[in-house]
Every structure is written in C-alpha cells, then in structure tokens.
Number of protein chains: 2
Amino acid sequence: MIQSVDRAIRILGVLQGARRLSLSEVASRLELPPSTAHGILKTLQAHGMVVQDRDSNRYQLGPAVLKLGNVYLDTLELRSRAVTWSEELARRSGHAVRTGVLTFDEVVIIHHEPRPDGSRQMPEVGIVIPAHASALGKALLAFLPEQVDGLLAGDKLRSMTSETLIDPAVLRSQLTEIAREALATEREEAVLGEAGIAAPIFDASGMAVGAIGIVLPAADWPPAESTFTAVREAARNISRELGASRWPVSV
Amino acid sequence: MIQSVDRAIRILGVLQGARRLSLSEVASRLELPPSTAHGILKTLQAHGMVVQDRDSNRYQLGPAVLKLGNVYLDTLELRSRAVTWSEELARRSGHAVRTGVLTFDEVVIIHHEPRPDGSRQMPEVGIVIPAHASALGKALLAFLPEQVDGLLAGDKLRSMTSETLIDPAVLRSQLTEIAREALATEREEAVLGEAGIAAPIFDASGMAVGAIGIVLPAADWPPAESTFTAVREAARNISRELGASRWPVSV
DNA sequence: AAGACCGTTCGACATTATCGAATGATTCTC
DNA sequence: GAGAATCATTCGATAATGTCGAACGGTCTT
C-alpha cells in the first residue's frame, strides 16, 4: 500500500462526503499537516480530479472523476446486458428497476430504469446503498460469503431505519434463506415507505457479479407472485447472456 | 507534484482509454517497471478504484470511480439549475439539450435532456468532447482566454471530421466572434450529421462556468431564429439563478 | 488598525517509494 | 504432454522522494 496514493484517495473520499472543504478542513479530517495535504491536492488538481473554488479557495471533486465514472459504466458488460432486460422487467412489473454491483460493504447502482408511468424521475446511477440494507445487496452477499465476512469484520451494521437488519446473526440466517431461493426482499430496511425485490446475476465463471431488482412502495406489499417470477427471470436471462451455465449457482 | 499520486492518476487514465489491461500493458504504456505499477495498482484496488478480473488478471476501472462521479454531479450547483431549464429548452426547441463544463481541452457533459419525442436515447452524461470541436466548448473558450492559451500551447488541434477547426488562427477569430454574440455554433465539426448551438453560463463572479446548448441534425440547419433565442435565454436564466449580474459578461 | 487565520512555498531530513531480481503460476509451443 | 516462455507477484537494498515544520503574504475579523 503506497502511502501517498492511499492518502490521495482518502482525500477524494472526504471530498465525496463533505462536498466542499478548505485545505485545513481536509487536513484536519485526515489528521495530516496542511502542507502534506496541499501537495496531494495540487497533484489531484493538475489532473482535474479536484477543482478549487476561485473565491473561497475550497476544494471539491472535479470533472475528471465524472469522466472516469462514465468510462467505468462503458466497460461493464453487465450494464449493457442489463439495459435490455431492465426495460422488460419495468414493463412487466410496473416498477422502477435497479441493477447494482457490490463494492466492499455497499451496492453501487449501475443502471436505473424508471417506473414506466412516464413520470419524471431522478436517475439513480452512481448512488450507493449499504449492502445489508438493500435487496440488491442481500442478493449479492448471499452468494459471496467472503464479502460477508469482510462486512461483519468491519464496523457495526449501520441502521438506516427501524427495520434495518443490524444483528449479524439475523443477517446471516436471512442470507442462507436468500441463497436457497435466489431471491432477496427488503421492506423499509433502507428507506421508509420503500420495499425491494432482487435476484443475483452470475457470470461465466459462476461468480455473483451483480444483482437486478425492483423498487416498490411498501404499501404495495406483497406484490403479485408474477412479480417475483419476473425478477428471477430477468436475473436468469442476464446471467445466461453473460455466459453463466446455470442459474442460480450454488454458493 | 507528487510522483506516485501522479502515476496513480495516469494509470487511471490509461485504463480509461483502454478499458482492460494487464499489469505489463499498464507498465509498458507508462514506461514503468512492472513492480512499480503493481504497487500503485494494488493501492487503487484496495479502494475499489480499479478491480482485477479473477480469470485474466487484467485490471479495469472499479465502482468507486462511479460513486465519485455521481457525487461530483451532486455538488455542482450548475447541474441542478440546468435540469429545470434544459427541460424547457428541449420543449421549446424540440431538440436534445446538453450542459457541459470545461476541463483542460475537453468539455464534459454534466446534464443531458433527451429530445422530447419520447424515443429512447442513450444518456450522455459523462462523455467528453474536444472543446474546439463543439458548440459548448467554443462558447466556453470564448470567455476563458487563459484556457485558450493552454489549449493552443498543447498538442495540435485534433481533427474529428473534415469540418473540425484545426487552424489556431481560425479558431481564435471565431472565438472573438462568439464572444461578441455570446452564442456558438458548430456544423459537423465533431460528428458528421450533427450540428450544435450553445451559449455560455456565468456564475456570480462573472466566470464562465459552463455552457448549455442543443444538438440537431445537420440537415435541419439553419434552424428558426427562435431556436437561437431559446438557447441564449436558457443560458441567461441559469446564469441569473447562479447569481450572475449581467449576461453576457464581457471577456 | 491589529490580530488571527488560512493557503501556499521552501528545504532539510528520514521515511518511503522504487526497481531489480527471484519466485511461482499459467499459458503457449512443439 | 513436456519444456519454454510469459506473466503477476513478492521481497529487500538503495536512494530518491514525500513529508512536515517554519516562514511568508494575503484576507477576513474584531
């Protein structure tokens, strides 16, 4: 682990959390001398990874990170496959569809298909959700035992709502159940009023590389049986296109 | 400039260009010993900035860059303002609307409003276009003389089509004209069959912070006079919301 | 008007990144 | 199927490089 590179990424991390920070704020949050932080910040700035406000001197993320994010999406075969089937799933279910991948203890949304009712909805690509508090995350974790160990070895499970699973034992037993069904559900565990259903997506090597699922109002629970089937089928279809031989793959 | 941080960002840069690279490919492109590149890559990997394919051992960008990109968009006041007015401009003009910012010699699209004909269109947020070959870029450059100097001090202007402006003198004179009108146009200079119209957006300090414009088929050129007016008004309205006292601001 | 704060620059120092060499795994070739 | 070649990775000695204290100049506050 290279110290200065590590520090540079940590700086991007605090700017991610706090939007706009002065040099001294960045330095104090990372417990670095201001001059050290300054050198790293200027290097990041030279590449457009951060920009400095002319008036306030404060730093924030720069356009270069957006460019990187966009290229990341383009490189993902999962995403291009998900686009087609998300559309179908949104039509069949009548709900918004999300596809996500796991990074450490979070799910990052890589595709979002709005509810097919024509209303204007915020695109959700790039947003992150704690894995243990989402259907997408649980669907992935159920087939990635190593990641579960990593997750539980870290900080306590963060509570998002009163329904969030924060007991490791409860989470583990639910994941076992999800692995059996290849279907994860979530009821107001991340956001009050929202529920979710998701299923895992596997690649040619049988690895769980993502999950696809729908978001629906908690009031609409339980949805029709056909909705569960539709989610499973979308996941199975994408997995097949990625070269997976079986679905679901056993843990 | 911190060498190792600089190298880390360069690595992200080559992965951005080439999607998926082995360690030795990364190393040779940057003229680094493989062991040096390896150390940096592992640090980036530890933060999810790059991921390594299990089977092929090749590296590619990771989900963390998408997360960063999304937060960048959220921090931009310009973007939130642009959303509302883009919608209006798309409706009035009947064309797709783009809002972009300048980084070095490129324009990065920070918002895209699809053509209001209901057809399915690829979102273009995050894509980059050479500044000298786009209406958005020229609208910005006309009000940022320093950036023009930087642009022309670098490599030769890259030709995208036969119409691309590659002569610095021609570009400079066109920019003078654009600064006078506060309106830039482009006809098949970036993509054959596409034309564009754009106007600069200023913030409270009078700096050109972005540009908004429309993309239309080259065959539809010239559009109605009202279309030009609509673009200028969108830019003026956003500038006003950002606190700009006048529009356009003199160079 | 004086003080406090902040971003920035500079340079001596030692920590830290670097890179060659060695290892082990995997793939290609014959 | 055996041998060769390529590749990612590890390790450690070396010195190059990042680090951080101190000082400067600017701006905002009291």
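Mentor: Let us begin with a contact to the DNA: a polar side-chain atom of His38(A) lies 3.1 Å from a sugar or linking oxygen of DNA strand C. Please keep in mind that this is a predicted model.

Trainee: Which side chains come to a phosphate oxygen of DNA strand C?
Mentor: One of them is Lys42(A), with an N or O atom in its side chain 3.4 Å from a phosphate oxygen. Another is Arg7(B), where the corresponding distance is 3.1 Å.

Trainee: How many residues surround DNA strand C, and which are the closest?
Mentor: There are 18 residues around DNA strand C, and the closest are Gln3(A), Ser22(A), Leu23(A), Tyr59(A) and Thr36(B). By class, this surface has four nonpolar, 12 polar and two charged residues.

Trainee: Which elements supply that surface?
Mentor: At least two residues each come from α1, α2 (23-29) and α3 of chain A, and from α1 and α3 of chain B.

Trainee: Now DNA strand D. Which residues are the closest there?
Mentor: The closest of the 18 residues around DNA strand D are Thr36(A), Gln3(B), Ser22(B), Leu23(B) and Tyr59(B). Sugar and phosphate make up 78% of the atoms of DNA strand D that come within 4 Å of the protein.

Trainee: How are chains A and B related?
Mentor: Chain A superposes on chain B by a rotation of 180 degrees with 0.0 Å of shift along the axis, and the RMSD is 0.0 Å. The two copies are therefore related as by a two-fold rotation axis. The same surface serves both copies, since 100% of the contact residues of chain A recur in chain B.

Trainee: Changing topic: how many cavities of 30 Å³ or more are found?
Mentor: A search of the whole structure finds two. The largest cavity holds about 70 Å³ of space.

Trainee: What lines the largest cavity?
Mentor: Val5, Ala8, Ile9, Leu12, Leu44 and Met49 of chain A line it, together with Val5, Ala8, Ile9, Leu12, Leu44 and Met49 of chain B. By class, the lining has 12 nonpolar, no polar and no charged residues.

Trainee: And the second largest cavity, what is its volume?
Mentor: The volume is about 40 Å³. Its lining includes Trp85(B), Glu88(B), Arg92(B) and Asn237(B), and divides into four nonpolar, one polar and three charged residues. Both α5 and α9 (225-241) of chain B supply at least two residues of this lining.

Trainee: One last topic: how much space lies in the second largest pocket?
Mentor: About 1600 Å³ of space lies there. Of the 49 lining residues, the closest to the pocket centre are Val51(A), Leu102(B), Gln147(B), Met207(B) and Ala208(B).

Trainee: Which element gives the largest share of that lining?
Mentor: That is α7(B), with five residues. By class, the pocket lining has 24 nonpolar, 13 polar and 12 charged residues.

Definitions and conventions:
Residues numbered from 1 in each chain as written. Chains lettered and ligands numbered in written order. Predicted model: local features only at pLDDT ≥ 70, side-chain atom pairs only at ≥ 80, totals over all residues. Heavy atoms only, no water. Least-squares fit on C-alpha atoms with pLDDT ≥ 70 in both. Contact = heavy atoms within 4.5 Å. 1 Å grid on protein atoms, 1.4 Å probe; cavity = no way out; pocket = protein on both sides within 12 Å on 5 of 7 lines; lining within 4 Å. Points joined across faces, edges and corners; volume = space filled by probe spheres on them. Helix = DSSP H or I, 4+ residues; strand = E, 2+ residues; numbered from the N terminus. Nonpolar A, V, L, I, M, F, W, Y, C, P; charged D, E, K, R; others polar. Near = heavy atom within 4 Å. Polar contact = N/O pair within 3.5 Å; in protein donor to acceptor, adjacent residues only side chain to side chain.
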